[in-house]
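Biologist: Please take me through this chain by its contacts. I want each cut-off stated when it is used.

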Amino acid sequence: MTVEIDKAGPKDAPPPRAPETIKAIPVRHYGRWVAAVVVIAFLASIVYAFSQGKVNWGAIPDNFFDSQILTGVGKTAWITIAAMALGVVLGIILAVMRLSKNPVTAAIAWGYIWFFRGTPVYVQLLLWFNLGLIFDYINLGPIYQDEWSDFMTPFLAALLGLGLNEAAYMAEICRAGIQAVDEGQTEAAHALGMSHARTLRRIVLPQAMRVIVPPTGNEFINMLKTTSLVIAVQYFDLLQAAQEIGQTSGAAAEMLFLAAAWYLILTSVLSVGQYYLERYYARGSSRSLPMTPLQRIRANLFSFSNRSAGGVGSS
C-alpha cells in the first residue's frame, strides 16, 4: 500500500505572513545644525562689520573698467603666461636631466631645484633687478652686448624671477608624472626600435600628462597670484594700477578690493580651463568622463521638466 504525502502541508494551516516593513528612523545630526548656525552667524558678523565701516563701495564699480586697471589686468595675464611657459619648458628639461643616468646632468638638475626651491621668490626678483649694481654690461660675444640697465628691464626681471623659480617646481611635477608611467611602456617602445627621445615624446609624456596636468593647473593659478610681487621690480601690473588709482582717488582700501575681485575672476577662468584640460587627458583612463558644468545644468533642467510634466499629467 502506498501513502501519498501532501507536500503543500496541512490544508487548514494559516497562510504565511508577509514580512513587516522596516521603518527607518533617520539619525539626527544636531552637531551639523549647530555648526551651520555658528558659521552663518560668523559670516553675518563679518558682513555687518563691513557695512558699518567707512567703505566707499561706489568707487569699486566706478573704477572696475578703468583704463589703468584693464592695462594692469592685461600685463598681469601676459607675465603669468610667459613665466609659466618658461617654467614648464625648463621644468621638463630639468625633469629629464634629473632622471638621466648621467651623474653630472642629474647633479646639476638637483642643484638647480635645491637652490630655487630653497630661496623665496621675492628675494629672487630683487636679485635679478639689482644685478646692475654688480655688472655694468652684459657681453655675450658676437650675439649680444649692451648695458645692464638697458638689458634687465622690469619685464625681464619679473620673467626670470618668476619663470626660473617655477621651473624648479615644475621639474618635480614632471618627474613624478614620468615615473608614474609603467616602465614596460618604455621597454616595449625600445623593443620596437624607437629612440629614447622619441619614446619620451610619443609614449611617456602623453601618458604622464594625466598626472602632470592637475598640479600644473594649480601652479598656473598660484603663478597668477604670485605676479603681485613684481611690483618690487617696478613692473606695472594689476596691483600697481589699483594702488596708483587708490592714492589719487583716496580710496586705497576700495581699490584693493577691486584688485581682489579681478584676481578672483582670472583664477575662476583658469580653473574652468584646468577642468576641461583634466577631462581631456582623462579620456584614456576613465570609462565614463564626468559631466561638464553645462551638461549638468542640461541634465538638471531635463529632469526638472520631466517631473513637472509628470506632475501635470498625474493631476
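**Rings and their cover**

Biologist: Which accessibility class does Trp78 get at 48% relative accessibility?

Modeller: This is a predicted model: local features need pLDDT of at least 70, side-chain atom pairs count only at pLDDT 80 or more, and totals for chains, interfaces and linings use all residues. Residues are numbered from 1 along each chain as its sequence is written, and side-chain values use heavy atoms, without hydrogens or water. Buried means under 20% relative accessible area, exposed over 50% and partly exposed in between, with a 1.4 Å probe and protein chains only. At 48%, Trp78 is therefore partly exposed.

Biologist: How many aromatic pairs are there, and what kind is the one between Trp78 and Phe155?

Modeller: Rings of Phe, Tyr and Trp (its six-membered ring) pair if their centres lie within 6.5 Å; planes under 30 degrees apart count as stacked, over 60 as edge-to-face and the rest as tilted. The count by this rule is 14 aromatic pairs. For Trp78 and Phe155 the centres are 6.0 Å apart and the planes are at 0°, so the pair is stacked.

Biologist: Where do Trp78 and Phe155 sit, and how many residues apart are they?

Modeller: Helices (H or I, at least four residues) and strands (E, at least two) are DSSP runs, numbered from the N terminus. Trp78 belongs to helix 3 (residues 67–99) and Phe155 to helix 7 (residues 154–179). The pair links distant parts of the chain, and the separation is 77 residues.

Biologist: Is Phe155 buried, partly exposed or exposed?

Modeller: Its relative accessible area is 26%. That value makes Phe155 partly exposed.

Biologist: What geometry do Phe115 and Phe116 show as an aromatic pair?

Modeller: Their ring centres are 5.1 Å apart, with 90° between the planes.

Biologist: Which residues do ring pairs link into a cluster?

Modeller: Here the link is a set of ring pairs. The cluster holds Phe135, Tyr144, Trp148 and Phe151.

**Helices and charges**

Biologist: What pattern does the chain follow along its sequence?

Modeller: The chain has 12 helices and 2 strands. Of its 315 residues, 29% count as buried. The pattern reads α-α-α-α-α-β-β-α-α-α-α-α-α-α.

Biologist: What distance does helix 3 reach from its first C-alpha to its last?

Modeller: The expected span is 1.5 Å times one less than the number of residues. Helix 3 has 33 residues, and 48 Å is expected. At its start, a side-chain oxygen of Asp66 comes within 2.9 Å of the backbone nitrogen of Gln68. The reach of helix 3 is close to expectation, at 48 Å.

Biologist: Which residues make up the network of salt bridges?

Modeller: Glu172 is buried at 17%, and Arg98 is partly exposed at 25%. Glu172 also meets Arg175 in a salt bridge of 2.8 Å, N to O. Those two are 3 residues apart in helix 7, which means about one helical turn. The network links Arg98, Glu172 and Arg175.

Biologist: How far apart in space are Glu166 and Met84?

Modeller: Glu166 also belongs to helix 7 and is buried at 3%. Glu166 and Met84 are 82 residues apart in sequence. Their C-alpha to C-alpha distance is 7.0 Å.

**Nonpolar surface**

Biologist: Which helix gives the largest share of the nonpolar patch?

Modeller: Patches take residues with over 30% relative accessible area and no salt bridge, joining like charges within 9 Å and nonpolar side chains (Val, Leu, Ile, Met, Phe, Trp, Tyr) within 5 Å. Val39, Phe42, Leu43, Ile46, Phe50, Trp57 and Phe257 form this one, with about 660 Å² of accessible area together (Shrake-Rupley method, 1.4 Å probe; for residues, only the protein chains shown count as cover). Leu43 is partly exposed at 48%. The largest share, 5 residues, comes from helix 1.

Technical notes:
A salt bridge is a side-chain nitrogen of Lys or Arg within 4 Å of a carboxyl oxygen of Asp or Glu. A polar contact is a pair of N or O atoms within 3.5 Å; within protein, one must be able to donate a hydrogen and the other to accept it, and residues adjacent in sequence count only if both atoms are side-chain atoms.
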